[in-house]
Amino acid sequence: MSVVKTAEAVCIGHPDKLCDLVADQILDDILYEDRNARVAVEVMAAGRRIIVTGEITTKARVRVRDSVRTALAAAGYKPWRFLVYVWVRHQSQDISDGVTTSLEARLGDETAYSLQGAGDQGTVYGYACNETPERLPLPLVLSHRICHRLDEAREQGTIKGIFSDGKAQVSVRYDDAGKPKAVETVVVSIQHSELKDSDELRREITSAVIGPACQSYLPVTGETVILVNPSGRFVEGGPKADTGLTGRKLMVDTYGGLAGHGGGAFSGKDASKVDRSGAYMARLIAKTVVDARLASSCQVAISYAIGKADPVAFSVDTLGTGQYTDQLLTAAARDVFNLRPAAIIDQLGLCSPGFVRYSTYGHFGERTRRWENTLPYENKLQEAVKAHAAQKPATK
């Protein structure tokens, strides 16, 4: 039975995504001076006000207002139009102690990466599928590509009279075998000038944005429903029209709501927070399973306890597509991947600045990111699978 799956993405100037951008700019600017900083900031954008709060513990000189202005300019806004309010404090000493000295270390464990504990409790998820080269669901990939092209069209002036607040949504029909068959509906909402003709805007976005974004994946056809600004006018936008908040685009940042999510946001958090580092590792493991052709789709779950280095639970779920049992793949993955926070940070280079470039168009999908590069692990995982299968045959 065929099904339709839908995902959305947002442009860089969307109020929620603007807040994510600001939070990661603050994080990056601190990490440039202090790679051991502890940062967890939240941002709200309302009207002409940007409010920054959270916890920052660092040796660096914190210049929050400068970071906010840098992000506003990058998102297409005029920084001088905004008032910036800042209220930050140090990380709780109780939390700091648990992260700095893990439960395992307090019990005498001196093995590799045992010292640092997880920065919080909770479950993080990673997902991958083979329906796109990015190993992500097609509706999400297309939505991100449309938003990226919208931002490029604004910056380069190829479409006149549009602004940085916008979003896209794509619905894809899948055949009985679960393969993408057709782009059914594309919805684009983009802020525009009062003088912009709506019919002209629709033609420009269809030809310069939607068509090229979808062409190499699953082209739009005459049967594809294209809706541009279905509410009518979209003249007033940005934080003036809609309050923005960090962490409110969790699905846009990850898998478009088409896979599991533990609820933790990424932006504004240093890598001691497993919301970010654990989720990146879970994605790497899931993608390695798919790239190694051990399954056509995979979801990985890792559960942590605050102040503890080793996760309390770990599982690989191939959603019925695995070449081996999920139990065997879980055991093999544990042999290949170190799930302790300090090991993840070291392996993925997460003490370095540069997070701001991930805060728009999703944290997953580009192979240049270390949690997307599965080449160093594919053979190791295949060998580990073979070793476990030889001990206890578990092929389906």
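**Salt bridges and an open sheet**

Biologist: Arg-340, is that one buried or exposed?
Modeller: In this predicted model, Arg-340 has a relative accessible area of 7% and is therefore buried, since the cut-off for that word is under 20%.

Biologist: And which side chain does Arg-340 meet in a salt bridge?
Modeller: The side chain of Arg-340 meets that of Asp-310, with 2.8 Å from N to O. Arg-340 sits in the loop between α9 and α10, while Asp-310 sits in the loop between β10 and β11, so the pair ties together parts that are 30 residues apart in sequence. Asp-310, for its part, is partly exposed, with a relative accessible area of 22%.

Biologist: How many salt bridges does the count come to?
Modeller: The count comes to 23 salt bridges, and some residues are linked in a network, namely Asp-16, Arg-248 and Lys-249.

Biologist: What about Arg-154, which residue does it form a salt bridge with?
Modeller: One partner is Asp-151, with the closest N and O atoms 3.8 Å apart; both residues lie in helix α5, three residues apart, which is about one turn of the helix. Arg-154 also meets Glu-155 in a salt bridge, at 3.7 Å from N to O. Asp-151 is buried at 2% relative accessibility, whereas Glu-155 is exposed at 52%.

Biologist: Switching to strands, in what order do the four in the open sheet come?
Modeller: The order is β4-β3-β2-β9, with mixed pairing, and the edge strands β4 and β9 each pair on one side only.

Biologist: How many bridges join β2 to β9?
Modeller: Two bridges join them, and these strands run antiparallel; Ala-45, for instance, has Gly-244 in β9 as its bridge partner.

Technical notes
Residues numbered from 1 in each chain as written. Predicted model: local features only at pLDDT ≥ 70, side-chain atom pairs only at ≥ 80, totals over all residues. Heavy atoms only, no water. Pairing = 2+ DSSP bridges. Salt bridge = Lys/Arg side-chain N within 4 Å of Asp/Glu carboxyl O. Buried < 20%, exposed > 50% of the residue type's maximum accessible area, 1.4 Å probe, protein only.
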